[in-house]
Amino acid sequence: MPRVPGLRGRLKDIPVLGQKRVLLAAPRGYCAGVDRAVIAVEKALEHYGAPVYVRKQIVHNIHVVTELEAKGAIFVDEVDEVPEGAHIVFSAHGVSPAVVNEAADRGLHAIDATCPLVTKVHREAVRFARDDFEILLIGHEGHEEVEGTAGEAPDHVTIVNSPDDVPNIDVRDPDKVVWLSQTTLSVDETMETVRRLRERFPNLADPPSDDICYATQNRQVAIKKVAQDAELVIVVGSANSSNSVRLVEVALEYGAKAAYRVDYASEVKQEWLDGVATVGVTSGASVPEELVHELLEALADAGYGDVSEVKTAEEDLMFSLPKELRRDLAGNREERALGGRTRTAPSA
Ligand code: SF4
């Protein structure tokens with residue numbers, strides 16, 4: 001059943017030249033870091049009871065946030081909005097040490113749902129700062145992940161928003177610079193930024209491994225393939241989801257004549273489908289698959305019921321829950337086990 005009332009039949013089946021079809025990119029949707037963060041909030045609600053506070057959107061998807069709110073999560077911008085002693089979850093995008101310290105000062109019980117692949121970049125920033133490198137952090141100023149990473153070494157980090165920023169960068173020692181990046185950027189644009197940085201700073205050091213994460217890269221590779229054969233690409237994802245917005249850009253660069261991002265299938269406009277035989281579909285790393293299914297249902301109503309998956313990679317990565325939560329859940333299990341033994345002891 002479609003989630004949005006009145007969705008069925010909203011789009012009309014209008015004839016076009018050629019066979020109507022959908023190319024469905026894979027991988028798409030939830031990555032391991034998002035899955036872990038969302039489950040962390042759900043488990044925290046189950047274990048500690050509502051409300052559980054979450055600093056910033058746990059992942060950048062309005063549907064996920066709304067569903068968690070309905071279960072008792074309260075989303076706040078900063079830790080000073082949280083009552084002392086309450087439980088707070090840090091989002092998948094990570095936080096700076098200043099935020100961690102502020103939460104501790106307020107006596108909050110923090111559960112750190114920062115994606116381990118973001119934590120990896122934090123560690124790189126700490127290490128390069130310790131070795132007195134100047135860090136050129138490629139990423140979008142104001143994005144939570146960039147704020148968190150930069151906050152690990154504020155005196156050593158310069159943010160590079162795009163290739164066009166490169167001529168204006170000043171560094172203390174051009175032989176002691178390294179680049180790092182946000183995890184959810186366009187691979188192609190980031191490589192162009194690095195190329196220009198290296199032109200200016202030939203001794204620019206590289207990060208020890210890719211900072212743009214596997215999920216971002218895989219979703220971009222898949223949509224590049226789809227976009228070559230699709231007149232229209234629809235990306236399911238929220239406006240503040242960096243990796244979703246990048247998928248729209250990548251689709252346009254790789255051949256789609258038009259590409260749009262929607263939160264819900266109900267946002268698809270009839271005119272987008274005018275004369276379109278092949279629609280490409282994908283979703284960002286924070287998007288539940290049910291939203292893609294709703295889009296496919298709506299497209300089927302418009303005659304695009306023939307769906308072929310275009311798979312460019314397999315994904316099976318999973319992360320364990322945040323350690324604070326694992327510890328408390330394990331404690332709970334132990335207590336239950338102990339309670340069971342205590343109760344059975346007298347009759348033994
Ligand atoms: S998009 Fe990448 S870095 Fe971000 S949560 Fe997912 S796996 Fe982690």
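Where does P51 lie? P51 is in the loop between α1 and β2.

1. Basis. This is a predicted model, in which local features need pLDDT of at least 70 and side-chain atom pairs count only at pLDDT 80 or more, while totals for chains, interfaces and linings use all residues. Residues are numbered from 1 along each chain as its sequence is written.

2. Overall make-up. The chain has 10 helices and 12 strands. Both are DSSP runs numbered from the N terminus, helices being H or I with at least four residues and strands E with at least two. Along the principal axes, the C-alpha atoms fill a box of roughly 75 × 70 × 35 Å. Of the 348 residues, 44% count as buried. A residue is buried if 20 or more other C-beta atoms lie within 10 Å of its own, exposed if 12 or fewer, and partly exposed in between, with C-beta atoms placed from the backbone. Among contacts in the chain with a separation of 6 or more, 77% come from residues 24 or more positions apart. Two residues are in contact if their C-beta atoms, placed from the backbone, lie within 7 Å.

3. The annotated active site. The UniProt annotation "active site", from an unreviewed entry, covers E145. UniProt positions are given in the numbering used here, feature names are shortened, and annotations may be inferred rather than shown by experiment. E145 sits in helix α5 (residues 144–150). Its C-beta has 24 neighbours inside 10 Å, so E145 counts as buried. Not counting residues up to four places away in sequence, E145 touches H93, G94, V118, G139, Q182 and T183.

4. The annotated binding sites. One "binding site" annotation in the unreviewed UniProt entry covers H60, H93, H143, S241, S242, N243 and S286. UniProt also places a "binding site" feature at H60, H93, H143, T183, S241, S242, N243 and S286.

5. H60 and S286. H60 is found in the loop between β2 (52–55) and α2 (62–71), and S286 in the loop between β11 (278–283) and α9 (289–301). H60 is buried, with 29 other C-beta atoms within 10 Å. S286 is buried as well, with 32 C-beta neighbours inside 10 Å. Residues up to four places away in sequence being left out, H60 touches S238, N240, S241 and S286. On the same terms, S286 touches V34, V59, H60, N61, V64, G237 and S241.

6. H143 and S242. H143 is in the loop between β6 (134–138) and α5, whereas S242 lies in helix α8. H143 is partly exposed, with 19 other C-beta atoms within 10 Å. S242 is buried, with 25. Leaving aside neighbours within four places in sequence, H143 is in contact with Q182 and S242. S242 in turn touches H140, H143, Q182 and T184, with residues up to four places away not counted.

7. Helices α7 and α8. The axes of α7 (residues 214–227) and α8 (residues 242–253) come within 9 Å and cross at roughly 30°. Axes are lines fitted to C-alpha atoms, for helices over the stretch in contact, and angles run from 0 to 180 degrees between N-to-C directions. The two helices are therefore roughly parallel to each other; angles under 35 degrees count as such, over 145 as roughly antiparallel, 65 to 115 as roughly perpendicular and the rest as oblique. From α7, T216, R219, Q220, I223, K224 and A227 meet N243, R246, L247, V250 and A251 of α8. The residues of this contact divide into 5 nonpolar, 3 polar and 3 charged. Ala, Val, Leu, Ile, Met, Phe, Trp, Tyr, Cys and Pro count as nonpolar, Asp, Glu, Lys and Arg as charged, and the others, Gly among them, as polar.

8. Backbone points to check. Most residues other than glycine have a negative phi, and most peptide bonds are trans. The peptide bond from A50 to P51 is cis, with omega near 0°. The bond from A26 to P27 is also cis, with omega near 5°, and P27 is found in the loop between β1 (21–26) and α1 (32–48). K56, in the loop between β2 and α2, has a positive phi near 65° and counts as buried, with 22 C-beta neighbours inside 10 Å. D132 has a positive phi of about 65° although it is not a glycine. D132 lies in the loop between α4 (116–130) and β6 and counts as exposed, with 10 C-beta neighbours inside 10 Å.
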